[in-house]
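Biologist: Hello! I am new to reading structures, and I would like to learn how to do it with you. Could you take me through the features one at a time?

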Amino acid sequence: MVKIVKPLISSVLDEVSGFILALLRTVRVWFFFVFKFLDHPHHSEARGHDFDNSGDFLFLPEIHSAKKHVYHETVAAGAFVTVLFAFFIIFLHLALNLSFLAILSGLIALFYFTFVIFKLWVVYKGSHYPLIDFSKKEIAELTDDLPFYTVFIPLLNEAEVIPQIVRAMKAIDYPKEKLEFIITLEEYDKATHDAIKAINPPDNFRVLILPNVKPKTKPKALNVALHQAKGEYVVIYDAEIIPDADQLKKAILAFGKYPDVGALQVRLDHYNADQNILTRLFNAEFAFYYDLFLPGLQKLGFPIPLSGHSTHFRMEALKAIGAWDPYNVTEDCDIGMRLHRKGYQVGMLNSASLEEATSTLDSWIPQRTRWMKGFIQTSIVHLRHPFRFKKEIGGWINFFAFLYIVPGTIVLNLLNFLSWITQFIWFTTEAAFIQRLYPPLILYFSIFSFLVGNFVFMYMNLLAVYRRKRYALLKYVLLTPLYWMLLAVATMRAVLQMISSPHTWEKTRHGSHLREQRVLE
Amino acid sequence: MIAMIEKYKPYIKYFVLALAIFLSLVVTALVMYLDLANASGDATARLNLSRRVVDGTSPGFSQLGYVWLPAPSLVMLPFIWIDFLYYSGFAGIFFSMLAYILASWFLFKIGETLAGPIAGGLAALIFMLNPNTLYMQATPLSEMFYIAAMLGALMYALLWARSLKDIYLVASGVAFLFATLSRYDGWIFAIATVCVVALYLYLTSRDSKKVEATIILFASLAFLGPVLWLTWNYAIFDNPFYFAVGEYSSKGQQESLAAAGFLPSRGDLENTLAHIWYAAQMVSGWFLIIFSIFGLIYIVWQILKHKQLRYLFVLLIGVHIVYYILNIFGGNAVIFVPQLAPYLIFNVRYALMFVPFFAILVGVIGARFQKVGIFMLVVIFIEYGVMLLSNNIITLHEAVDGFAGAHANESRLEAGEWLQDNYDHGLILVDIFNNDAVPFASRIPFKYWVHVGDPKLFGAALEAPERAVDWAVLREKDRIDERFRSGEWLASEFDCVYSYQDVKIYKLRDKSQRVAATLGCNQNSDLTVPEAL
């Protein structure tokens, strides 16, 4: 009996254990398939950075680029967060006995409130934090034995501003033999090419005609130029930029003093701030962003979304992170995040670059649409592997800071619009369906968050403009809510473009101040 | 003595802070032990206002109403829902204590910024040891809260004037947010401060663009409180100026007093000045006012002769005197003093706003002439001592024996206590305005009271009380009493179960009839009837 039963039991046990193991293996496979976004390396990462790629000049592994937006990881992470959020809403619905929409409006108010607190915190830290700076004496003490510096000037249809940029570049205080300017041009941009020829720039200016490959974007131009650059340090200046003459020397001193710093961000300002209301509000926004917000982010060790020009890099750092993503329409914001992920710090340098504030709505809206679209792209790219991102970006606090800084900005702009519409409808019609969205406590919280939040945001702009001593501008800052309306429009446009034409680069037209000047003359 | 003061000069600030904390704790403990903290009718009303936000048939921020500015009520919210803190008054007293300590500190800093730590120490001591200040910091009234916010705003404005650092201007603006949302005095003080900031900056920089920008930066915070209050009035009452013209507004109240012949100061400047003088003298003492006149002369001299423009900021606190003169003369506010007809005590506590002004004037001159300063301090303290020993603390008298004090409230307190013993179930109709003492003394939660804070239910109860309430509290000439007299509707359904002085309490006769009626009412209205206790 035992002889019969024992093998039987043993074979049954083998069968069962085999089945369980197979089940576990399947579960494991499915688990990693479903939760691939947790920390599963993508096949494109195996090769590392490919600097020889002359197809589209994407040096990064594809998974770290905005070339393709929807990956398995994206869907899985999106679905996971959606399910989690749905459970959370259902839990609140059951626990608080509130309608789903009322819970949603409460969560929106909570987001708004925490965003206000976050910005206040950052600004408080920023207002106490000195930027990296050097005295005239320290700059003067620099010998001529300086490292080689490359200045990238990516241009497209900028014939009008060529004299201005060449003048500004010639004014840079740096030994000529240690400085090269690489101007990138599209093959078809004859007008700009002719304008450069006409002005006959000095020998250290080089024009680089870009290969006729897609994508036709600024970061691709920069990646092409990267191969040609001899500099140990690199900076980008757009067509209309006028940097402080000693900016490069300050950057050299800063890179020398802070070896962990991979990039330096300078303060941006506008030379046509007083042109019209739009440029004034644009200038106020920049005053806040570069004088209060970014220094605060730096002080707190949060990732910094860099600007598209006047950012100085160590060549070594640039190569270590795989240079720019040619598919990301805000490659600047993206590169700031990637530098942080690789452990490089970004320093805020007390030097200014003057640029042209877009002065008409037909150029402001496309520019801002591109920025917002780029923020969406950057969010999608970096949140493909949220847990890996959390680990690389420096823990949960930095992770949430990223959520507020990049995707949070998009959400806030959209919510602003939604809040204004809702409140307008409520005050004009007192519609019952809106009342149902806001049970008393949520209503108070929403109104408080919205009113106080908007006031705080506007007041921070006021303070920043006041600190820049742009006294004549202050009264216009009170119109900031109108500017936010425009921001909301641009953000909605960006969301739509993400679906229809995610990689389209709407070129900002420069030189309107020059045209206006000519008209006046 | 002077050598000793000089020696210990660096420690004055610690002394001020330690003494303020010590005095606040001891005096509050004493006042609460003697059950005098909530004696004033307004103290009870303040507590009720905050409590109604979290407790009532229709709780929420709309209970804050439009008459009193909301900051003192709002800060109480984390404490007010706890019965012990509410009924003891400590939910509000805590903030008065905190405000007293902060105000003493701010006053010290103002004096120190103007004329050194001795000036600060003198000013703070004169303020801190004033018996009226000490009593008021042990009550839930809003005066001390406002004084702290106002002095905070002034201190930061002064620090800005000294350094021109914008962050001080922002801090002053934030303090103004509290000041302008705690008392209407703050509004005129904010306007005056903005003007002085503009004047000061213009005189020191001659840069009109900078002045304009600075005013925008400062005023957008300093005037935020009034803007929010106007918005609130518009959102809730459809009129941004409802607080000024509404039924229960100060103006509305003065009209009632005028009708009763109780507004002798309106349009009479001499009478107005006399009221202000007596109130100031009783709150501050003779000598403090006299010495402060010397201080005022000294400061005006410093401004005119030596161009010491920072002293302009000191004159700002004096705006409160002008504010009350204009308000009383215009008939928008009233003070009764026992020396003048109608020989009552009412709102004398307004003169507490003048004490910091007098204190800083004496502090500055005392620091300049230190021997005289010591003499002045001794004389002022002797007068304070006499006030205490002769039981002549006017704000305490006002709370107990004043026009709206505990004795005047006696009938309501009695009625409330009777209800505490006899209430068994259901809703109670009351005209809360002027009858705040009844619910407070009864200790029956507000969710059982039907009052004007829930206009639908209150209107329905006035229309047909038997359908909405089980009890009705009537006080002569209040809205319920007037409704009763006009239609005699209570008599048919309610029995009069209590009557004392001017207060009557009625109880529904037939409970079954009421329950049936209420069920019908619930079908198409927002009326909610809580379960019986």
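Modeller: Gladly! Let us start with contacts: two residues are in contact if their C-beta atoms, placed from the backbone, lie within 7 Å. Before we use that, note that this is a predicted model, where local features need pLDDT of at least 70 and side-chain atom pairs count only at pLDDT 80 or more, while totals for chains, interfaces and linings use all residues. Residues are numbered from 1 along each chain as its sequence is written, and chains are lettered from A and ligands numbered from 1 in the order in which they are written.

Biologist: Which residues does B:Ala103 touch, not counting residues up to four places away in sequence?

Modeller: B:Ala103 is in contact with B:Phe127, B:Met144, B:Ile147, B:Ala148 and B:Leu151.

Biologist: How do I read a nonpolar core, and which residues have the most contacts inside the largest one?

Modeller: In soluble globular proteins, nonpolar side chains tend to be buried together. A nonpolar core is a set of buried Ala, Val, Leu, Ile, Met, Phe, Trp, Tyr and Cys residues joined through C-beta atoms within 7 Å. Buried means that 20 or more other C-beta atoms lie within 10 Å of the residue's own; with 12 or fewer a residue is exposed, and in between it is partly exposed. Here the largest core has 289 residues, and those with the most contacts inside it are B:Ala103, B:Leu107, B:Ala123, B:Leu154 and B:Val473. Helix 6 of chain B (residues 90–115) gives this core its largest share, 17 residues. There is also a second, separate core of 14 residues, including A:Ile108 and A:Leu415.

Biologist: How many bridges join strand 2 of chain A to strand 3 of chain A?

Modeller: Five bridges join them, and the two strands run parallel. Within this pair, A:Ile183 stands opposite A:Val207.

Biologist: Now the contact between the chains: how many residues does each chain give?

Modeller: Chain A gives twelve residues and chain B gives 13 residues. On the side of chain A, the largest share, eight residues, comes from helix 17 of chain A.

Biologist: Is B:Tyr343 buried or exposed?

Modeller: B:Tyr343 is exposed, because 9 other C-beta atoms lie within 10 Å. Its phi is near 55°, a positive value in a residue other than glycine. B:Tyr343 is in the loop between helix 19 and helix 20 of chain B.

How values were computed. Helices (H or I, at least four residues) and strands (E, at least two) are DSSP runs, numbered from the N terminus. Two strands pair if DSSP finds at least two bridges between them.
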